Amino acid sequence: MNTVYFMLILFHLHISCAKILQCKDCDDDNGGISSEFKPKGYQWNMTDLKYTPDLIYKINSRYRRSLSDRLTRDSKLASFIDHFLQFLKALPEVLKRLETDLDHILKKNRMNGVITGRIKSLESLWNKMKQEKTSDYRDITDIVGCRVTVPTLSDISKFKNLYLRAFNKSVTEIRCYGVCGPTLESSDPRVKIYWPWRGSGYRRLHFKVAIPKLKTAAEIQVGTPYMTLWADWEHAVVYKGPKDLHENNDVKEYSQLLAEYYSILDNIRDRNMPKCPEILRKTKAKEIFSDQELKKFGVPFNACHLWSDLSLNIVSLHATANDV
């Protein structure tokens, strides 16, 4: 039987046998567009956050209106701006720590993958506060976000287990958008499973990681290049697109069909990739490729298949052969 045809049948059987959970407890923003994420090691600064006095004033006003209900007024809260700026200035270090931890897992386990990071701009933070109807900026748990792009669905599962083995205590929530299989129940109360994808068609694995020092959390996203292709298209055309597209049923149907198409491609790649010969697995990529080629191919460990689409929408990976 033709492989593609078989995968189509298998995928539709999964959908028909599994209850599709709608994501009623999250917004429509599908993880953020790739252009918001910078290569690992990027030096974030206040310019990147698009700091403006007007936005600071708005966030300050919204935050302070709730103090009588949620916090004790005291001298430490007299100057909101000082506290808020200290919070913002601590975010790059939080992101750097997360990127270091993620990079360590990839390299220790010889997994191919690309790490990018994002700190929300103040405008994005303000909009998210309004959207989630919160007055405390620390309630926005994806101000800092890391994205790990790996080649296959099996790599997502492997990375999930490795990350939880290393940092289980800091993970407060695990959201499986179409990547943990059709099983609808988990013994882990932190796990939320959406199958075959989130309502819009979004697929990725999300960890919510506690940042106690700042009384907030960060987000780690793990996905494949095909997941990025769909999410970037949906973000530009549907989520951020004109109202007539955003609310059009034909567009929504096409979005789900496109999500199904990329899901099929992910399954084909995951199950049908030829086994790499030992001689290629033992050949170091840096012995064959130039530094420029290594960046282009996603900095592979060996001479097996080159996951060049891992570098999708990344201007520069800031990697050298010495990192391999």
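**Core, helices and loops**

Let me start at one residue in the core. Leaving out residues up to four places away in sequence, isoleucine 220 touches Leu98, Leu102, Cys146, Tyr163, Leu205, His206, Phe207 and Val209. Bear in mind that this is a predicted model.

Isoleucine 220 is among the residues with the most contacts inside the largest nonpolar core, along with Phe84, Tyr137, Phe159, Tyr163, Phe207 and Val222. That core has 53 residues. Which helix gives the largest share of this core? Helix 4, residues 80-108, with twelve residues. There is also a second, separate core of ten residues, and Tyr194, Tyr202, Tyr226 and Tyr262 are included in it.

Now the overall numbers. The protein chain has eleven helices and seven strands. Of its 324 residues, 48% are buried. Taking contacts with a separation of 6 or more, 71% are between residues 24 or more positions apart. The accessible surface of the chain comes to about 17100 Å², and carbon and sulfur atoms hold 52% of that.

Helix 6 runs over residues 153-167. Its 15 residues should span 21 Å at 1.5 Å a residue, and the end C-alpha atoms are 21 Å apart, so the two values agree. The buried residues of helix 6 are Leu153, Asp155, Ile156, Phe159, Lys160, Leu162, Tyr163 and Leu164. The list has an aspartate and a lysine in it, Asp155 and Lys160. As background, an α-helix has 3.6 residues a turn, so residues three or four places apart point the same way.

Helix 7 covers residues 225-239, which is 15 residues. From first C-alpha to last it reaches 20 Å, close to the expected 21 Å. Buried in helix 7 are Pro225, Tyr226, Met227, Thr228, Trp230, Ala231, Asp232, Glu234, His235 and Val238. What covers these buried residues? The cover includes strand 3 (144-149), helix 6, strand 6 (204-211), strand 7 (216-223), helix 8 (243-246) and helix 9 (249-272).

On to the aromatic rings. The count comes to twelve aromatic pairs. Take tyrosine 177 and tyrosine 202: the ring centres are 5.4 Å apart and the planes are at 65°, so this pair is edge-to-face, the cut-off being over 60 degrees. Tyrosine 177 belongs to strand 4 (residues 171-177), whereas tyrosine 202 is in the loop between strand 5 (191-194) and strand 6, so the pair ties together parts 25 residues apart in sequence. Are these two tyrosines buried or exposed? Tyrosine 177 is buried, and tyrosine 202 is buried as well.

There is also an aromatic cluster, formed by Phe159, Tyr163, Phe167 and Phe207. Phe159, Tyr163 and Phe207 came up already among the core residues with the most contacts.

Arginine 147 lies over the face of phenylalanine 37, 4.1 Å from the ring centre. The charged end of lysine 38 sits over the ring of tyrosine 42, at 5.6 Å from its centre.

Last, some loop residues. Lysine 133 is in the loop between helix 5 (122-131) and strand 3. Its phi is near 55°, a positive value in a residue other than glycine. At 74% relative accessibility, lysine 133 counts as exposed. Lysine 215 lies in the loop between strand 6 and strand 7. Lysine 215 is not a glycine either, yet has a positive phi of about 55°. With 64% relative accessibility, lysine 215 counts as exposed.

Alanine 285 has 0% relative accessibility and so counts as buried. Lysine 284 is partly exposed, at 44% relative accessible area.

What do they touch, beyond four places in sequence? Alanine 285 is in contact with Leu294, Pro300, Phe301 and Asn302. Lysine 284 touches Phe301 and Asn302. As for C-alpha distances, lysine 284 and phenylalanine 301 are separated by 6.0 Å while being 17 residues apart along the chain. Alanine 285 and cysteine 304 are 19 residues apart along the chain, with 8.5 Å between their C-alpha atoms.

That is the end of the walk-through.

Note on methods:
Residues are numbered from 1 along each chain as its sequence is written. This is a predicted model: local features need pLDDT of at least 70, side-chain atom pairs count only at pLDDT 80 or more; totals for chains, interfaces and linings use all residues. Side-chain values use heavy atoms; hydrogens and water are left out. Helices (H or I, at least four residues) and strands (E, at least two) are DSSP runs, numbered from the N terminus. The expected span of a helix is 1.5 Å times one less than its number of residues. Buried means under 20% relative accessible area, exposed over 50%, partly exposed in between (1.4 Å probe, protein chains only). Contact means heavy atoms within 4.5 Å. A nonpolar core is a set of buried Ala, Val, Leu, Ile, Met, Phe, Trp, Tyr and Cys residues joined through side-chain atoms within 4.5 Å. Accessible areas come from the Shrake-Rupley method with a 1.4 Å probe; for residues, only the protein chains shown count as cover. Rings of Phe, Tyr and Trp (its six-membered ring) pair if their centres lie within 6.5 Å; planes under 30 degrees apart count as stacked, over 60 as edge-to-face and the rest as tilted. A charge sits over a ring if NZ of Lys or CZ of Arg is within 6 Å of the ring centre and within 35 degrees of the ring normal.
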